[in-house]
Amino acid sequence: MPLLRVWKRRGVFFSDMIDESLRELYQEVILDHSKHPRHFGPLDHATHNADGLNPLCGDRITVHLNLDAEGRIADIAFEGKGCAISQASASLMTDMLKGRSTAEAEKLMNGFLHLVKGEEGVTGLADDDLEILLVMAGVSAFPMRVKCATLAWHTMKSALEGSGAPAKSE
Amino acid sequence: MSFVPPLSDFSILSKPVNGRRLAYLDSAASAQKPKFVLDAMTEFATSEFANVHRGVHRLAAAATQRYEEARVAVQQFLNAKHSDEIIFTKGGTEALNLVSYAFLSPRISAGDEIVLTKMEHHSNIVPWHFMRERKRAVLKWVELREDGSINPSAVAAQITPKTKLLAITHMSNVLGTVNPLKEIIQIAHAKGVPVVVDGCQGAVHEKVDVQDLDADFYAFTGHKLYGPTGIGALYGKRAHLKTMRPFNGGGEMIAEVTEDKVTYAEPPHRFEAGTPPIIEAVGLAAAIKYLKGFDRAAIKAHELELYQYARKEIGRFKWVRVIGEAEDKGAILSFETTGMHAHDVATILDGEGVAVRAGHHCAQVLMERFGVASTTRASFGLYNTREDVDALIAGLEKARSILL
């Protein structure tokens, strides 16, 4: 599958490749999400909230969730400021998770973490989901930026767990 | 230009990064090390190394001598009156924490005040927050002018009869501002307030004379001074050090230990518990010696020329806002880029071989003051060239084309 080709190329740093890696990292979809984030703002009647902090850069985000009686994410939103990667990741995440069960959310998160860390073995994801997540896979070529991509997801998880402690981008 | 950057002393600079020529513009975070320093450390470690101040064997004596010679080298570098006024630490941070714990803590109580400026690095903020947390001291902040400079009368205005210490940086790691230390220290002393100076940047770019400044404490680190990591130094006036309690407890800092009591060594050893960074001390002395081989005023002029060139070039970009334009400033260029986050900019610059720092630079109070979450920072060292600036400017144009 052609999308996986992109993913497997991680960590390759020849001078003629770096440009391509950067263009992939900052591809149209990501820039679009970062400039026009979806589900951005407060959420009325949120049942779960969490703050996330990336101590590396000081970026903060807040994730709001509204879980319905069946434990589905009926609504989701995020607020905060950050780099293109963290904003795009948060925006994509909220797009994906709306309407999902918490179990699905966790599965998607694990798949996402695997992808951005450049690890093998992303299994059990629907092709449609994988395709969306692969947009972020370019991050794996930039280890210093992985935390930017994972911040929103960790914050989402922290909100689901309701621990109240701010999530770290780890 | 009279100063020629000694590029061949720094082999790392000739190694490509991401397939590009490296433009290392992150010396304010840590400077690269010249061969002279690395060789001095290797030479010492392979021919004279042993632990110091213990043992009677020949190598122990040789190592002790080299370690104490390093102390004298630091003494001369700062123009301290006595070599026992120099305490080796693991860096600037530990030096400032030492002042907090061993000097200030016994002298401060609830409601007493510590004055510090909004341009301080976290290493010159958090040790004072400890005093706020543990002793219920009050932190009072000196406001900055819009250009990033400090008005000495603003310092005077924050000092009250309750002030127990003034903590101030010699040179800001974000703004580049060089503070009028001598005048500020005079103001503090006139009101009976001791002054601790964070010299981590200042010691690199400015000539330091602690006697002329009349600083009570002056802290700096080795790794920003073209020396190794893991070593720094604290200058403290002998009269202060003699009255201070120990910092860490352990070997080397004692006079005598029995089951019932312990008595402490005289300064500086009282504050150097455990085996110190011996090889690193030799490396720091070598870095100081290396710098002595140059006209430091010429280095500064060279760095400032690069800064001014970069400032002029970056001034063409309407989407760049430079932070820190004080009249007296060193070669640090911090800026915000409209519509582009500093981390994204730095990632793209890295792809071009340009190493800069992006983020809050461990100076979040300062960031808040200027209403920014993060900036991109290019900082210059003695090995930088106009080519590095050109790479930075071209990289910024590229970032713009990719991100917007």
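A crossing is called left-handed if the near helix is turned anticlockwise from the far one by less than a right angle, and right-handed if clockwise. The model is predicted, with local features needing pLDDT of at least 70, side-chain atom pairs counting only at pLDDT 80 or more, and totals for chains, interfaces and linings using all residues. Residues are numbered from 1 along each chain as its sequence is written, chains are lettered from A and ligands numbered from 1 in the order in which they are written, and side-chain values use heavy atoms, with hydrogens and water left out.

I begin with chain A. Helices here are DSSP runs of H or I with at least four residues, strands are runs of E with at least two, and both are numbered from the N terminus. H5(A), residues 102-116, and H7(A), residues 146-161, have axes that come within 11 Å and cross at roughly 160 degrees. Axes are lines fitted to C-alpha atoms, for helices over the stretch in contact, with angles from 0 to 180 degrees between N-to-C directions. The two helices are therefore roughly antiparallel (under 35 degrees is roughly parallel, over 145 roughly antiparallel, 65 to 115 roughly perpendicular, the rest oblique). H5(A) passes H7(A) in a left-handed crossing. The residues of this contact comprise 11 nonpolar, 3 polar and 2 charged (Ala, Val, Leu, Ile, Met, Phe, Trp, Tyr, Cys and Pro are nonpolar, Asp, Glu, Lys and Arg charged, and the others, Gly among them, polar).

How do the axes of H3(A) and H4(A) cross, by contrast? For H3(A), residues 28-35, and H4(A), residues 84-97, the axes come within 7 Å and cross at roughly 85 degrees. That makes H3(A) roughly perpendicular to H4(A). On the H3(A) side, the contact (heavy atoms within 4.5 Å) is made by A:Ile30, A:His33 and A:Ser34. These contact residues divide into 5 nonpolar, 4 polar and 1 charged.

I turn to chain B.

Finally, B:Ser374 lies in the loop between H13 and S15 of chain B. At 9% relative accessibility, B:Ser374 counts as buried. Its contacts beyond four places in sequence include A:Cys57 and B:Glu336.

How values were computed
Buried means under 20% relative accessible area, exposed over 50%, partly exposed in between (1.4 Å probe, protein chains only).
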